[in-house]
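Please work through the exercises below with the sequence and the model side by side, trying each task before reading its solution.

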Amino acid sequence: MFSEDTNKHFTDQQPRCEIAKTLVEEGECQWPGEVHLASLLYGSLLCAAHAELLKLRERFKSMLGKVFEMDQWLESVNGEADELRVRRAEHHRNELVEQLRFHRTRMDLMRDELLLDKDGTT
Ligand SMILES: [Zn+2]
């Protein structure tokens with residue numbers, strides 16, 4: 001009983017993952033905060049899993065932006081650019097879309113794992 005109390009005291013002192021402050025839809029996280037993501041999110045303290053998830057999210061967003069840019073370019077050239085350039089751009093675009101799909105699957109898996117951990121411990 002005594003050791004349980006000290007253990008509880010210790011976990012109360014431990015700073016928690018602050019994902020809910022940054023991404024409300026992720027909800028409260030019970031994991032201890034370990035990682036500072038200053039570059040991405042103004043010094044939020046996050047658990048390792050959420051830090052990884054946010055990094056993926058940022059990468060995902062920037063790739064999505066690139067695909068959007070390429071779509072616009074492909075639309076705007078409308079047969080005016082030489083064929084090789086267009087084909088190369090289309091190829092690159094398809095590769096990016098493929099990577100996006102892969103990223104989304106990973107993010108979904110990570111989110112599932114976080115939820116499982118949360119439910120599994122109680
Ligand atoms: Zn977390």
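This is a predicted model: local features need pLDDT of at least 70, side-chain atom pairs count only at pLDDT 80 or more; totals for chains, interfaces and linings use all residues.

Residues are numbered from 1 along each chain as its sequence is written, and side-chain values use heavy atoms, with hydrogens and water left out.

**Exercise 1.** Find which element has the lowest mean pLDDT and which the highest.

Solution. Begin with pLDDT itself, the predictor's confidence in each residue, from 0 to 100. The protein has a mean pLDDT of 81, and 79% of its residues reach 70 or more. Next compare the elements, where helices (H or I, at least four residues) and strands (E, at least two) are DSSP runs, numbered from the N terminus. The lowest mean, 52, belongs to helix α1 (residues 2-13), and the highest, 92, to α4. Over residues 1-7 the pLDDT is below 50, and this stretch has zero contacts (heavy atoms within 4.5 Å) in the model beyond near neighbours in sequence.

**Exercise 2.** Identify the protein donors of the zinc ion and describe their arrangement.

Solution. Donors are N, O and S atoms within 2.8 Å of the metal (3.2 Å for Na, K and Ca), and since water is not among the atoms, sites may look incomplete. Applied here, this gives Cys17 (SG), Cys29 (SG), Cys47 (SG) and His50 (ND1), at 2.0 to 2.4 Å from the zinc ion. The angles between the four donor atoms are 106 to 112°, so the arrangement is tetrahedral, a term that requires all angles of four donors to lie between 85 and 135 degrees. Cysteine 29 sits in the loop between α2 (19-22) and β1 (35-36) and histidine 50 in helix α4 (residues 48-77), so this pair ties together parts 21 residues apart in sequence. Both cysteine 29 and histidine 50 are buried at 2% relative accessibility, where buried means under 20% relative accessible area (1.4 Å probe, protein chains only).

Methods. Buried means under 20% relative accessible area, exposed over 50%, partly exposed in between (1.4 Å probe, protein chains only). Four donors count as tetrahedral if all angles lie between 85 and 135 degrees; four count as square planar and six as octahedral if opposite donors are over 155 degrees apart and all others between 65 and 115; anything else is irregular.
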